[in-house]
Amino acid sequence: MTSQARGGGPVTAGASAARGPVDGVNGTAHGPQQVRRLSRRLGRADLKAVPEVRRAVRELLRHWRQPEESDVAELLTSELVTNALVHTDDDAILTAVVFPHKLRVEVRDFTARGPLPRVPDAGDDTGGRGLVLVESLADAWGVRPHGVGKSVWFELGDARAA
């Protein structure tokens, strides 16, 4: 499958991150580095989950890279979560995995209909910007179909790793 990379054309998407528990944060030893994971099941149309997810991502990223990267990660995560909760009729599952030089966030829903990035209407102050932000700010992003539903994901960090 292909996905979008910032500043360029499509890139090939690899396998998704391994699944952790459906509700919680854990760390898995990975040599001298640490891989941390956040997984949350989000109830259908539960928009109260959006600020809770932002706080959980902020905590997960507390010691990861630069604070402004964590701010971008929070923003993009809340956009994907909001899209899944507003535009589908089922629960969603958030998975965030922090590697030493990369963050991958994936929101799985159970609706086959894909997300459609669109140019927001100038008169609409609140809608239509989520995927435009993801496309603009993520180092890579894409959509991965499942037997039932799909995952929309983004990554930060790989292009900036030194």
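These notebook entries record what I looked up in a predicted model.

**Entry 1: Lys150.** I began with Lys150, which I found in strand E8, the run of residues 150–156. Is this lysine buried or exposed? I noted a relative accessibility of 5%, and because buried means under 20%, Lys150 counts as buried. I then looked for what its side chain reaches, and found the backbone oxygen of Thr111 at 2.8 Å, while the backbone oxygen of Arg113 also lies 2.8 Å from a polar atom of the Lys150 side chain. Leaving aside neighbours within four places in sequence, I listed the contacts of Lys150, among them Val107, Arg108, Asp109, Ala112, Gly114 and Pro115, together with Val143, Arg144 and Pro145.

**Entry 2: rings and charges.** I searched for aromatic pairs and recorded 0 in the structure. Turning to charges over rings, I found the charged end of Lys102 over the ring of Phe99, 5.4 Å from its centre, and the charged end of Arg104 over the ring of Trp153, 4.3 Å from its centre.

**Entry 3: helices H2 and H3.** Two packed helices are described by the angle between their axes and the distance between the axes. I noted the crossing of H2 past H3 as left-handed. Which residues meet there? From H2 I wrote down Val72, Leu75, Leu76, Glu79, Leu80 and Asn83, which meet Gly130, Leu131, Leu133, Val134 and Leu137 of H3.

Key
Residues are numbered from 1 along each chain as its sequence is written. This is a predicted model: local features need pLDDT of at least 70, side-chain atom pairs count only at pLDDT 80 or more; totals for chains, interfaces and linings use all residues. Side-chain values use heavy atoms; hydrogens and water are left out. Rings of Phe, Tyr and Trp (its six-membered ring) pair if their centres lie within 6.5 Å; planes under 30 degrees apart count as stacked, over 60 as edge-to-face and the rest as tilted. A charge sits over a ring if NZ of Lys or CZ of Arg is within 6 Å of the ring centre and within 35 degrees of the ring normal. Helices (H or I, at least four residues) and strands (E, at least two) are DSSP runs, numbered from the N terminus. Buried means under 20% relative accessible area, exposed over 50%, partly exposed in between (1.4 Å probe, protein chains only). A polar contact is a pair of N or O atoms within 3.5 Å; within protein, one must be able to donate a hydrogen and the other to accept it, and residues adjacent in sequence count only if both atoms are side-chain atoms. Contact means heavy atoms within 4.5 Å. A crossing is left-handed if the near helix is turned anticlockwise from the far one by less than a right angle, and right-handed if clockwise.
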